[in-house]
Amino acid sequence: MIGWLAAHGRALGQALRRLRRQAFGTLLSALVIGLALALPATGLALFERLQSLAASVNTTPQVSLFLKESSGRDDRNRLERNFQADAQLASVSFVSRDTAREILARNGLADILDTLPANPLPDGFVLTLKSADPAAFQAVADRYRADAAIEHVQVDSLWVQRLDALLAFGRTVMLLLAGLLGTALVIITFNTIRLQLLTRQEEIEVSRILGATIPFIRRPYYWFGGLQAFAGGLIAWGIADGLLALMAPEVRRIAETYGAIFSLHRLDLLQVTGLLAFSTLLGLAGTGLALRRHLRAA
Amino acid sequence: MIEFQEVSKRYPGGHLALAGVSFTIRHGELLLLSGHSGAGKSTLLKLIAAIERPTEGRVMMNGQDVGKLRADAIPYLRRKLGLILQDHRLLMDRSVFENLVLPLEIAGQSAREARKRAQAALERVGLKDRGGELPITLSGGEQQRVAIARAIVNRPAVLIADEPTAHLDPDYARDIAHLFQSFNDAGVTVIVSTHDPSLFCNARGRTLRLAQGVLTDEETS
């Protein structure tokens, strides 16, 4: 075990010396890796945050019916009978204009409501449907829009479902992008190691003649490829954090226009660990492929 | 003990480098292989180090068939040998000292022990103060000494040298020959291929002559 650790320590030392000797080339490769990984890392962090926000919103779609000011108790009773007979509805709740005012007042609009001479809000019903099919919502909305007692029909929360679907799609796109750019990372590392193997062919041959085993020859290359990709991961982390910080004020402003409190955070520990592990593993994979392809021939 | 049993080696192009060669090298012996270019001397040495494998026959080393060794066992065989190849094969981008440390790193020696042994080997070949230089700055004879130092740094039981005195002027060549004799005097089995066995005329050893892959003569001095 000590011998194995010592061998890796020696290989790490060799890899660090090579990194230092080829500092500029290594930096360029790490930058390319960092840039390639920064986009999916930022996108995934953004979509994950947005998805958690969408998940926190009540996503059960509802239809709100606002009654005309002239409607009376008879209209309300008639509508309630219609609702009871409607097989598409799961539940119905009546929100009186006074209750609606209280809700708005609780949400910080009390000052504005106080300036008004009278309560401007109408009575209303909130209908919850059995089906989440947007077509069913449209049918229900159309049916009650025609009623003489109803002023306005509004389909609520459907946008959240649409947003959720869009976010899921965006996340999938980002994952595919991460896969594609991850492949690019493997190719970059493969090429770096391939060039090293070609330029160090004499050293490899001499080492073999002197009794070096294949693992002895491979170790420094694995360390080099892994360290370079790890550095790329660190750069990607920095870029992603920077991008999220730049976007945060704009996103917060947009969220505020919807009355939502939303802020973009920097990558958390789990995301950073995942990003660094992902880049390092891909770097090792690229190194492994290059060694398998070229060491035998060297 | 190293034993060649009816060993033949034919290269992929069809060239027959060795044809049914049989002989034995005893422990602590100084063996000179002489013959013209293409006689099969280098092939014979490469067969001992498992750089090549015999087409027919067996190369036995301490009871082990070298030609049948698994690929992953070959490095461990080579660590027991000190190999000096025809063209030195020194790494020109590393210092003399780093060239000497390489086989010790391969053998898993600690950095401290490697430094100690490399310095001792440099002193042994008379290049005590040249460790920090790049091999390219040394003369041909000095580079040969570095190659010898690299071969002995792991204290091998068998030292194999392929034309170590080639391309050297007579004085340097005699120095190198003396160096091999001194290693042999210290108990190391030394196998040297040479165009000029007379360089070793003061040594007690055996000379095998090869011609076109066949042993033609044997002489003991």
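Helices (H or I, at least four residues) and strands (E, at least two) are taken here as DSSP runs, numbered from the N terminus. One such run is helix H5 (residues 134–145) of chain A, where A:Asp142 and A:Arg145 sit 3 residues apart and are therefore separated by about one helical turn. The two also form a salt bridge, with their closest N and O atoms 2.8 Å apart; the term stands for a side-chain nitrogen of Lys or Arg within 4 Å of a carboxyl oxygen of Asp or Glu. Over all chains, the structure holds 27 salt bridges.

A word on the model itself: it is predicted, with local features needing pLDDT of at least 70 and side-chain atom pairs counting only at pLDDT 80 or more, while totals for chains, interfaces and linings use all residues. Residues are numbered from 1 along each chain as its sequence is written, chains are lettered from A and ligands numbered from 1 in the order in which they are written, and side-chain values use heavy atoms, leaving out hydrogens and water.

Now to the strands of chain B, which count as paired if DSSP finds at least two bridges between them. An open sheet is formed by 4 strands of chain B in the order E2-E1-E4-E5, with antiparallel pairing. Strand E2 (16–25) and strand E5 (64–65) stand at the edges with a single partner strand each, so one side of each has no neighbour in the sheet. Strand E4 (residues 56–61) is joined to E5(B) by 2 bridges, and B:Met61 has B:Gln64 as its bridge partner in E5(B).

Elsewhere in chain B, strand E9 (residues 206–211) pairs with strand E10 (residues 214–220) in the antiparallel sense, over 6 bridges. Here B:Ala211 is opposite B:Val214, and B:Leu210 has B:Leu215 as its bridge partner. The hairpin of E9(B) and E10(B) has 2 residues between the strands, and B:Gln212 takes a positive phi near 50 degrees. E9(B) also pairs with strand E3 (residues 30–34) of chain B, this time in the parallel sense over 4 bridges, and B:Leu33 stands opposite B:Leu208.

What about the meeting of the two chains? Contact (heavy atoms within 4.5 Å) links 17 residues of chain B with 14 residues of chain A. The area buried between them is about 1,500 Å², 57% of it from carbon and sulfur atoms; buried area is the accessible area (1.4 Å probe) that two parts lose on being put together, summed over both. Of the area that chain B buries against chain A, B:Arg89, B:Glu105 and B:Ile106 supply 35%, more than any other three residues. Between the chains the count is 3 salt bridges. The side chains of B:Arg89 and A:Glu205 meet in a salt bridge at 2.7 Å, N to O.
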